[in-house]
Amino acid sequence: MTNFIRNAWYAACWSNELEREPQAKTILGEYLALFRTETGVAAAVEDCCPHRFAPMSLGSVEGENIVCGYHGMQFDCAGVCVDIPGQKNIPGRTKIRAYPVVEKHKLVWVWTGDPKRVDEGLIPDLRWLDNPDWRSVTGTTRYGCNWVLLVDNLLDLTHTTFVHQSTIGTEDVANTPVTSERTGDIVTVTRIMKDTEPSNFYKRVGGFEGKIDRWQKIWLDPPSTVIIDAGGVPAGTNDKYRGIDTRIISILKPVDDSTVDQIWAFARDTCLDDADLDADIEKSIIHTFNEDIEFLAGQQRNMEKRPERKMLNNTADSGVVQARRVIDEWLVADMAPARSDTSAPAPAE
Ligand code: FES
Ligand SMILES: [Fe+2]
């Protein structure tokens, strides 16, 4: 099943992961070479030299250009050939495909679609990653499944009760019904748990001793960014100063039909100088996401074996069903010659 929305921005990596050395990346089944020029500009070209098809990721950066490592042809960030060793004349048509690249929210974003449709306004609003009042722990987790299964997983946290008992899951998550709504193309799923036992993770991060009022508000910023606004306060207090407020941001990068990278950030607005807490959060989050890997790979395997079968939708899947509808609409629009409305979806908050 190929279900890629190409006219969109995808985060290729964190900005601090991109250095001058070209890196091979696969996004939507396309092979790219990402690099940073001497003046610090992030750029991406097809990972295939037009000369004899050597991977550009095996080359190097010289000044503002990428140099093929095989016979030394050079291309600028726009993909125009600027040097062919031993040849004076460079035919005007000598080019490599260059992808539009923007750095925003500490991430390197690549536009995989028609360059004429590029719109920076379509990059999701991830303001917590830039705000000095928030601190983030970041990472990347790879899953052996189609990207939409990971969207399902993040929108429906019912599974945390069963899969993540040792960290974020509690009995009350699965037992508390959700509400879901669609505003424009943003689908939001909300679960409010009053007077509930804190999860082990919340006990550690929030220092809670008694019961808490806990919330989870999750939205899909299409095509593939899922933001979880989650937190808790001591039960009955509504006291944000004694509670925790977090955003778990997942920017999904479909690698191929059955592989997806979750570029994630866990942002919090408390204990900003606590490096020990950073380490604890990183360990817990990696442990938590790793618990999903086997389930998602198993779902993928089962789907591939049963292409004709439809999945069952339970009440808790209301948001998942709406999100899939949005994704289907975006897929149709993506294939149309030009999207009628290319304005940025309004953030949920
Ligand atoms: S293959 Fe790149 S210069 Fe020859
Ligand atoms: Fe999970």
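Select D195 to begin: D195 sits in strand β14 (residues 186-196); helices (H or I, at least four residues) and strands (E, at least two) are DSSP runs, numbered from the N terminus. This is a predicted model, in which local features need pLDDT of at least 70 and side-chain atom pairs count only at pLDDT 80 or more, while totals for chains, interfaces and linings use all residues. Residues are numbered from 1 along each chain as its sequence is written, and chains are lettered from A and ligands numbered from 1 in the order in which they are written.

D195 is not a glycine, yet has a positive phi of about 50°. Most residues other than glycine have a negative phi, and most peptide bonds are trans. D195 counts as exposed because it has 12 C-beta neighbours inside 10 Å. A residue is buried if 20 or more other C-beta atoms lie within 10 Å of its own, exposed if 12 or fewer, and partly exposed in between, with C-beta atoms placed from the backbone.

Next, select L28, in the loop between β2 and β3 (30-36). L28 also has a positive phi of about 50° and is not a glycine. With 20 C-beta neighbours inside 10 Å, L28 counts as buried.

Then go to P222 and P223, which are joined by a cis peptide bond with omega of about 10°. P223 lies in the loop between β15 (212-221) and β16 (225-234).

Now colour the chain by domain: domain 1 covers 9-121 and domain 2 covers 127-335, with bounds from an automatic or database domain assignment. Their centres, taken over C-alpha atoms, are 33 Å apart. The contact between them takes 11 residues from domain 1 and 9 residues from domain 2; two residues are in contact if their C-beta atoms, placed from the backbone, lie within 7 Å. On the domain 1 side, β1 (9-14) and β2 (23-27) are the elements that give two or more residues.

Move to helix α1, where 9 of its 9 residues are buried. Among them are W147, V148 and D152.

Show helix α5 (residues 275-305) with α1 (residues 147-155): their axes come within 10 Å and cross at roughly 130°. Axes are lines fitted to C-alpha atoms, for helices over the stretch in contact, and angles run from 0 to 180 degrees between N-to-C directions. α1 and α5 are therefore oblique to each other; angles under 35 degrees count as roughly parallel, over 145 as roughly antiparallel, 65 to 115 as roughly perpendicular and the rest as oblique. To see the contact, select L149, L150 and N153 of α1 with D292, L296, Q299 and Q300 of α5.

Finish at G298, in helix α5. G298 counts as exposed, with 12 C-beta neighbours inside 10 Å. From G298 to E62 is 45 Å, C-alpha to C-alpha, and the two are 236 residues apart in sequence.
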